[in-house]
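Subject: Model handover

Hi,

Here is the model for your files. My notes follow below it.

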Amino acid sequence: MSLFAKLSAHDDRSARLTGIALMLLSIFMFSFGDAMGKFLVATYSVGQLLWLRACAALVVLLPIIWKQRAEFFHLERPWLQLLRVTLSTLEVAAFFLATVYLPLADVITYYLAGPIFVTALSGLVLGEEIGWRRWSAILVGFCGVLIALRPSAQTVSWPAVIALGGSLSFAVLMLITRSLRATPDIVLASSQFGGTFLLGAVLSPFGWVTPDAGSLAIFFVAGLTSVAALLCVNRSLKLAPASVVVPYQYSMIVWAVIFGFVVFGDVPSWATIVGAAIIIAAGLYIFLREQKLGREEPVVSPPV
């Protein structure tokens with residue numbers, strides 16, 4: 001019996017506590033992986049980061065992929081799967097490209113708006129009914145984004161626009177993932193890493209810097225960390241209800257601030273802190289409202 005399978009053999013209370021612990025652990029690992037990515041793109045190109053990181057992740061996933069290879073031959077809506085992989089690849093590339101120029105906490109703040117964008121797009125694109133309370137929360141969340149973005153002719157930068165564009169891509173990605181929830185987890189995860197592998201393979205020759213042994217180790221740890229974090233998220237959601245564990249995902253902003261300050265010396269501005277607080281409050285309200293209405297709220301997972 002695997003470790004994750006053993007974790008399922010608890011009573012309900014223990015399962016919930018284990019689910020919360022796994023969610024907190026996964027967010028720490030995601031944030032740690034993001035910090036390693038930001039550290040690496042100071043020397044290596046984003047394409048090289050995507051490729052070597054994906055190589056490490058796919059090597060780790062290969063035994064599971066081989067064991068469940070039959071799942072890959074019966075995909076639901078292949079074209080929608082392809083669109084999902086494309087959006088996933090673009091938003092991960094946008095995330096790390098933005099971290100080249102922006103503090104980690106700033107980039108994470110834009111991505112925290114993902115659930116707010118999802119709710120807005122669900123009404124505009126999918127025709128889902130959204131009441132005035134959630135529209136109000138959406139508008140408040142957008143105000144938080146604007147506060148963090150600090151829009152003016154002097155302050156709006158291309159990196160900020162890229163990060164915000166990545167967040168919007170992430171929102172559409174979550175909507176598509178919601179509609180493809182019958183697809184096995186291994187297919188969803190490995191296809192995302194496969195997309196970054198292909199884009200990285202195309203881009204990495206441009207500005208290639210041969211990594212030393214230390215950098216290769218960091219690339220491998222970044223890929224391994226992403227896989228482990230993804231597995232923890234999936235197991236957390238199987239052990240405990242989403243309404244219990246998903247709110248803990250907002251702890252990613254805390255780790256982003258800590259890693260940004262300790263590793264890179266970034267001190268978040270008051271605009272970023274206030275904007276992040278407003279976004280989190282609006283996102284939590286929308287999540288609780290979705291739960292009250294009995295609707296499925298998409299999971300906020302950082303880029304893999």
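First, a definition: a polar contact is a pair of N or O atoms within 3.5 Å; within protein, one must be able to donate a hydrogen and the other to accept it, and residues adjacent in sequence count only if both atoms are side-chain atoms. The side chains of threonine 183 and glutamine 81 form such a contact, at 2.9 Å.

Some ground rules. This is a predicted model, in which local features need pLDDT of at least 70 and side-chain atom pairs count only at pLDDT 80 or more, while totals for chains, interfaces and linings use all residues. Residues are numbered from 1 along each chain as its sequence is written, and side-chain values use heavy atoms, with hydrogens and water left out.

Overall architecture

The chain has 13 helices and zero strands. Helices (H or I, at least four residues) and strands (E, at least two) are DSSP runs, numbered from the N terminus. Of the 304 residues, 50% are buried. Buried means under 20% relative accessible area, exposed over 50%, and partly exposed in between (1.4 Å probe, protein chains only). The accessible surface is about 14100 Å², and 72% of that belongs to carbon and sulfur atoms. Areas come from the Shrake-Rupley method with a 1.4 Å probe; for residues, only the protein chains shown count as cover.

Contact means heavy atoms within 4.5 Å. Among contacts between residues at least 6 apart in sequence, 88% join residues at least 24 apart.

The core

A nonpolar core is a set of buried Ala, Val, Leu, Ile, Met, Phe, Trp, Tyr and Cys residues joined through side-chain atoms within 4.5 Å. The largest one here has 77 residues. Ile108, Tyr110 and Leu112 have the most contacts inside it. Beyond four places in sequence, the contacts of tyrosine 110 include Leu102, Val145, Ala148 and Leu149. Ala160, Ala163, Leu164 and Ser167 are also among them.

Around H9

Back to threonine 183. It is in the loop between helix H8 (158-179) and helix H9 (185-203). Threonine 183 is buried, because its relative accessible area is 5%. Leaving out residues up to four places away, threonine 183 touches Glu76, Gln81 and Leu188.

Leu188 is one of the buried residues of H9. Others among them are Phe193, Gly194, Gly195 and Gly200. Their cover includes helix H3 (46-67), helix H4 (78-101), H8 and helix H10 (213-239). H9 has 19 residues and reaches 28 Å from first C-alpha to last, close to the expected 27 Å. The expected span is 1.5 Å times one less than the number of residues.

H10 has 27 residues and reaches 39 Å, close to the 39 Å expected. Aspartate 212 caps the N-terminal end of H10, with a side-chain oxygen 3.3 Å from the backbone nitrogen of glycine 214.

Other residues to look at

Arginine 77 is in the loop between H3 and H4. Arginine 77 has a positive phi of about 45 degrees, although it is not a glycine. With a relative accessible area of 43%, arginine 77 is partly exposed.

Alanine 282 is in helix H13 (residues 270-292). At 4% relative accessible area, alanine 282 is buried. Its C-alpha is separated by 6.9 Å from that of isoleucine 138, 144 residues apart along the chain. Alanine 282 touches Ile116, Ala137, Val140 and Gly141, not counting residues up to four places away.

Last, the cysteines. A disulfide is a pair of cysteine sulfur atoms within 2.5 Å. The count is zero. Cysteine 55 is partly exposed at 21% relative accessibility, and cysteine 143 is partly exposed at 43%.

Best wishes
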